[in-house]
Amino acid sequence: MMRKNYYRKLALMVTLLTVFLAYQKYTSREKEPFPEVTFIKDSSIRDLSDFDPNQLDKEQWLKLGFSEKQTATILKYKDMIGGKFTSKEQLKKCYAISEEKFSELASFILLPEVTEKKDPKGFSSYGKKEILVSAKFNPDQFSVHDWLKMGFSEKQAEAIIKYKNYLGGSFISKEKFKECFIISPENYSKIEPYLLLPAKTPENFRNFAKDNPVKSRIQYHIFDPNQLDLEGWKTLGFSEKQAITILNYRNRNLRGSFKSLDDLQKCFVISAEKFQEMKPYIKLQEKQQEKTDFSKTDLNTITFKQLIEFGLDEKSAGSIIGFRKKLGGFMNKQQILSTYNIDQDLVQKLISIAPLNTSDVPRYSLVNAPEEWLKNHPYFKYSADKIIFYRISNPDDKKIWKLLKLKPEYEERMKLYVK
């Protein structure tokens with residue numbers, strides 16, 4: 001009996017100890033840190049590999065999970081900073097890329113963490129870019145494009161040109177060329193043997209620079225701004241970019257020509273000072289066009305421009321050309337007078353002078369007229385379905401006319417286009 005009680009007590013102690021240990025383990029869990037859970041918002045990010053953001057086009061930015069608007073903003077931002085992202089730090093500044101999105105992409109971006117330091121003028125370290133020179137040259141004759149081909153950036157090339165203009169349109173000497181802050185000592189040592197310039201600056205140069213601190217040596221002559229091409233504008237002292245802007249303004253905004261001095265002055269790349277400098281030499285020549293002889297101009301071939309030349313406004317001229325096209329041609333002059341929205345008096349004057357040739361106007365029999373022609377012609381379209389139906393069982397024009405039962409005036413004008 002005693003032995004039995006002993007085992008019972010032992011079993012009870014083991015049970016209590018087990019419960020105690022289990023309770024201690026359970027309560028200690030609260031102190032353990034809960035494992036962090038990362039939510040993947042875009043499944044496509046798992047398949048992402050290293051990339052250079054400078055190589056991505058619109059579709060590729062969209063595939064990264066950006067919206068159309070965000071993508072447009074990113075590409076515009078890239079253009080604003082010179083067409084290239086130079087570091088992750090710079091890319092991160094684009095407000096279209098949230099901090100959360102950037103952190104997702106950062107490890108895949110093939111860019112340095114920070115942008116290399118620039119000099120006070122805003123130009124990057126020049127010595128690192130390879131400059132290639134293969135033949136002797138006169139730098140005075142180099143355009144922005146030529147400096148780009150040599151290996152300079154666009155900003156550097158434009159700065160070199162500005163420096164040349166500051167000197168009066170010429171670098172004068174190797175000595176002066178070397179003073180251009182854009183050209184590093186290393187690059188100058190590469191270029192110097194190829195320069196077709198005197199080694200030393202002439203003694204009288206300083207006096208010239210003092211009297212002409214900024215103005216370039218532009219030899220103005222009488223010119224028509226409508227006749228100038230890219231090179232023509234550059235000879236007037238404009239940069240290549242400015243010249244392109246002027247040409248685009250003339251050809252796109254003004255439809256091919258400056259009509260007045262005011263048109264030219266409104267071009268934003270031409271400063272007020274530059275305009276006043278050029279003004280005495282500007283001569284807008286009116287284009288001499290041969291006057292139309294309306295007594296020999298067929299009313300079925302007369303053009304929109306000729307109608308304007310005769311004196312009609314655009315609305316009247318457009319109405320006449322449009323109505324003639326729908327008819328396939330006028331068969332009599334009265335039809336022209338029946339056109340909507342025209343100057344009746346002026347058109348009456350025109351038709352009294354100009355001839356009308358009807359030989360090329362298409363005409364058909366009711367039996368053979370194409371269905372499309374019947375349904376589109378202003379005089380036939382309202383009776384087209386009936387004509388098509390009647391001619392199936394009555395292939396005879398006379399019978400079809402009788403079946404149509406049209407008002408005399410409608411039938412009369414339709415018969416103008418029937419053989």
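**Getting to know this chain: surface, helices and cores**

The accessible surface of the chain (Shrake-Rupley method, 1.4 Å probe; for residues, only the protein chains shown count as cover) comes to about 28900 Å², and 53% of that belongs to carbon and sulfur atoms. Keep in mind that this is a predicted model, where local features need pLDDT of at least 70, side-chain atom pairs count only at pLDDT 80 or more, and totals for chains, interfaces and linings use all residues. Residues are numbered from 1 along each chain as its sequence is written, and side-chain values use heavy atoms, with hydrogens and water left out.

Q: How many helices and strands are there in the chain?
A: Both are DSSP runs numbered from the N terminus: helices are H or I with at least four residues, strands are E with at least two. By that count, the chain has zero strands, and its helices come to 22.

Q: What share of the 419 residues is buried?
A: Buried means under 20% relative accessible area, exposed means over 50%, and partly exposed is in between (1.4 Å probe, protein chains only). Among the 419 residues, the buried share is 36%.

Q: Which residues touch the most other members of the largest nonpolar core?
A: A nonpolar core is a set of buried Ala, Val, Leu, Ile, Met, Phe, Trp, Tyr and Cys residues joined through side-chain atoms within 4.5 Å. The largest one here has 37 residues. Elements giving it two or more residues include α16 (314–327) and α18 (344–353). The residues touching the most other members are Ile320, Val347, Leu350, Leu374, Phe380 and Tyr417.

Q: Which residues does Ile320 touch, not counting those up to four places away in sequence?
A: Contact means heavy atoms within 4.5 Å. With that rule, Ile320 touches Leu307, Leu312, Phe330, Ile336, Thr339, Ile342 and Val347.

Q: Is Ile172 buried or exposed?
A: Ile172 sits in the loop between α7 (154–166) and α8 (174–178). Its phi is positive, about 70 degrees, although Ile172 is not a glycine. Because its relative accessibility is 13%, Ile172 counts as buried.

Q: Where is Asn341, a residue other than glycine with a positive phi?
A: Phi of Asn341 is near 55 degrees. As for its place, Asn341 is in the loop between α17 and α18.

Q: Why does Leu10 count as partly exposed?
A: Leu10 lies in helix α1 (residues 2–28). Leu10 counts as partly exposed because its relative accessibility is 39%.
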